[in-house]
Every structure is written in structure tokens, then in C-alpha cells.
Amino acid sequence: MRIDARHLLDRLGKNDFAYKEFEDRFTELELWPILEALLRDPRLQAIDAVETAAPEPVVSEAVGTHAPEPLNALFSRYGREPAAPSDAAAERRGVQTQDVRAMLRHLSDLGSRGEI
Amino acid sequence: MAVIVCHGLKGGAGITFAAAHLAMTLSEAGAEVTVLSVAQRDTLPLHFGLQPALTLPSLFAPAEDAVLASGINLRSHIKAVDDADFVPTLHDLGYLEPGPDRVMVIDVPASEFAFARRIIPHSSANLCVLNAAPDTLALLPQVLDESSAQTIARTTFAINALDETRRLSRHSAAFIRELVGPRLIGRIRLDEAVPEAIAMLQPLARYAPSSAALADVRAIGAAMVPALETAGRPWVARGELAAPSSSRAA
């Protein structure tokens, strides 16, 4: 850290800077086709399949402030029915048409709440 | 006598940095810690403020050859990645059982994913270090598809070198957070003090004790402590956790 930055932080009584948060507009979040491509990849459901096989107790959240939820449940909010717990593998291959726009809107909401 | 694996999806994510600081945090928590590097090209000593020319002793070298940094035993075993008997060897050495008193942190380069897949199911936890970057995100489906249920069950994620002033980084971090949920145990802010400490041949805690990255990685280390006693799911039992992601750091 530069010495002038260190002196400024010392004067402010802080250890690091905090930037002002700016809202990410929904239209900006849509600029990343890679996120849409990934959300359409059924292999991402593998992480959910493990949760289905071995349900976890309720835990506190580490990084964000939103409640954790399974990925397939996340998708189900955007227009699909929840996956049957006993059919996780089939669900991995079957999830092809998630409402990506709603997923991105959710990310935008997180940004507007300062959680991104 | 727990084993924690540090691994990642892609080289350059900061796996060794995370492994070194995880070891330091566990040591400060009272554990007897060994860090094992299996990398052919090893940068582990640099994170302890040691000289770049230092060669770490073998896992099987006698105690008088040990390199101790901050009370942590630094070892190397390059052949582990090709050694089919490595897991039985760890058993013989008394590892691979839950317990907070004696810990081995294994620093596994991203390229050694086959070795990681072999060792993680026997470990107490796997800390997967990744960057909030699109090329890293693109690897996630393949990595998850290749991983066994046992591997995924033990895997916790940490985002390293996160620059929250950049829009794409924030969006990528949000995507990871949505994908892995409570498995995301924390994030480490991008901090120039990390390479500066290496350049100064000093541990980060000595060079920049107020470093944002140091505070973040310490919080992640503390959150991993429950995995020492409850193998597999450190995010279940953790208590006080990393700083909120809403804070932005320089």
C-alpha cells in the first residue's frame, strides 16, 4: 500500500477503502451470454444432486445474505416445477429451458440490494 | 489428524496462497500443521516469507531436515500424484481421521485434477479456490460432471482476488454464489499487498497486517475449522464467518 494511502487510512481510522456501490441495471446483466450458456448446461445440476442425496441442516449464510437454496429450486422459481428428489440424475439431463432472464433479474436485484 | 485439500479449477487462482494461509490460521487456532506441496514448480515457501531458492524437504525426510515457518512444517512430495499408495501412506502416518490437533493441508495444483479426485474423498474437506472470471466459470460444468458425489460433498468454494469495483467480477461472483449457495465459504478481495509481501520476502501478516486479503483469507480459514472434526461439510457447523461481501476494498 502506498504511504499516502496508508496515512489517509490512518487518519480515517480504517484498514481499507470502501467504494460506493452502484446498482447494476438489469440490461447490463444481460450482456454476458456466457452466464446464459452456463445456466443451460445440465451438468451444473451435479452440485444439486449431492444436496438431494444428503440433505443439509439449515446453516447460516457466509457471504451473501440471501437464503441458500438448491440450484434446481432456483430454476423452478423461474417457470419450472421443482425436481423430484429421487430423480436428480434425469433432472440433470432434462433441464434445458430455464428462464435465464429471470435468473439475471434476480442477480440484478441482488446488486440493487448491495449483495453482489 | 485431518487432511484438508486445497485445489482449484484453473492455474493462477491462488490455490497456494489459500493453502498457506489456511495452514497459518489453523496453526494459530492451536493445531499442529503440516503443509504438503505436490507441485513440480513450488511457490509455497514464498507465502511464508522464505527465500525463493529454498527447496522443501520430502514428506519422509527426518525431523532435523524440516523447514518450519511460523511453527508450520513445510514438506514436499512431488511423486504423490503418481503414487497409487499415497492414500494408504497417509493412513500409516496417522492422517485421514477427523481431529483438530494435527492437520495436513495439501496444496494441489489445478493441473493435478486426477490426483485431487483421488485424495479428496479421503479428506476432511476440499477448499476449491476460484476466480470470479468468465474462463473459470466456463470450466464449472465439466469439473462438476467429472466429480464424484463424495468429492462434491466435501468441496467448499472460495473466490480469490475478487475485484468488486469491476462489473464483470461482481456479476461472476454473484453467479458463483447463486450456483454453490452455502458452499461458498468466503471471498478474498484483490489486494496488491499479496504480491508485494512476496516481493519483500515477508509473510503477508508481517508486511501488511491490515491487508484486506489477509482478513478475508483468515476468515475462510476460521470457517474451515469445523471440518477438522466433522469431515465433509464445513459449512454446516461454522459459526462466525467471513465479512459481508457488500464491503468494497481497494
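I count a residue as buried if 20 or more other C-beta atoms lie within 10 Å of its own, as exposed if 12 or fewer do, and as partly exposed in between, with C-beta atoms placed from the backbone. I take helices (H or I, at least four residues) and strands (E, at least two) as DSSP runs, numbered from the N terminus.

The model is predicted, and I used local features only at pLDDT of at least 70 and side-chain atom pairs only at pLDDT 80 or more, while totals for chains, interfaces and linings use all residues. Residues are numbered from 1 along each chain as its sequence is written, and chains are lettered from A and ligands numbered from 1 in the order in which they are written.

**Entry 1: chain B overall**

I looked up the make-up of chain B and found 10 helices and eight strands. Its radius of gyration, taken over C-alpha atoms, is 17 Å, close to the 18 Å that the globule rule (2.2 Å times the number of residues to the power 0.38) gives for 250 residues, so chain B is as compact as a globular protein of that length. I noted a span of about 50 × 40 × 30 Å for the C-alpha trace along its principal axes. Of the 250 residues in chain B, 57% are buried. I then looked at contacts (C-beta atoms, placed from the backbone, within 7 Å). Among those in chain B with a separation of 6 or more, 74% are between residues 24 or more positions apart.

**Entry 2: the sheet**

I call two strands paired if DSSP finds at least two bridges between them. On that basis I traced an open sheet of eight strands in chain B, with mixed pairing and the order β3-β4-β2-β5-β1-β6-β7-β8. β3 and β8 (184–189) of chain B are at the edges with a single partner strand each, so one side of each has no neighbour in the sheet. Neighbouring strands in this sheet are turned by 25° against each other on average, direction ignored.

**Entry 3: strand β4**

How many residues of β4(B) are buried? I found five of the five in this strand (residues 72–76) to be buried, so β4(B) is largely enclosed by the rest of the structure. In a regular strand the side chains alternate between the two faces of the sheet. In β4(B), B:Ile72, B:Leu74 and B:Ser76 point one way, and B:Asn73 and B:Arg75 point the other way.

I checked both partners of β4(B). β2(B) (residues 32–37) pairs with β4(B) in the parallel sense over four bridges, and B:Thr34 has B:Asn73 as its bridge partner. The hairpin of β3(B) and β4(B) has two residues between the strands.

I found seven of the seven residues of β6(B) (residues 125–131) to be buried. B:Ala125, B:Leu127, B:Val129 and B:Asn131 point one way from β6(B), and B:Asn126, B:Cys128 and B:Leu130 the other way. β1(B) (residues 2–8) runs parallel to β6(B) and is joined to it by five bridges; B:Val5 has B:Asn126 as its bridge partner. β6(B) and β7(B) also run parallel, joined by six bridges, with B:Asn160 the bridge partner of B:Asn131. β7(B) (residues 155–162) then pairs with β8(B) in the parallel sense over four bridges, where B:Ala158 stands opposite B:Gly186.

**Entry 4: two positive phi values**

Most residues other than glycine have a negative phi, and most peptide bonds are trans. I noted B:Ser70, which is not a glycine, with a positive phi of about 55°. B:Ser70 lies in the loop between β3 and β4 of chain B and is partly exposed, with 16 other C-beta atoms within 10 Å. I also noted B:Ala161, with a positive phi near 55°. B:Ala161 lies in strand β7 of chain B and counts as buried, with 21 C-beta neighbours inside 10 Å.

**Entry 5: helix α4**

Where does α4(B) bend? I found a bend of about 30° at B:Leu140 in this helix (residues 134–146), with a proline, B:Pro141, following within four residues. The bend is the angle between axes fitted to the seven residues ending at a residue and the seven starting there. The buried residues of α4(B) are B:Thr136, B:Leu137, B:Leu140, B:Val143 and B:Leu144.

Definitions and conventions
Contact = placed C-beta atoms within 7 Å. Axes fitted to C-alpha atoms, helices over the stretch in contact; angles between N-to-C directions.
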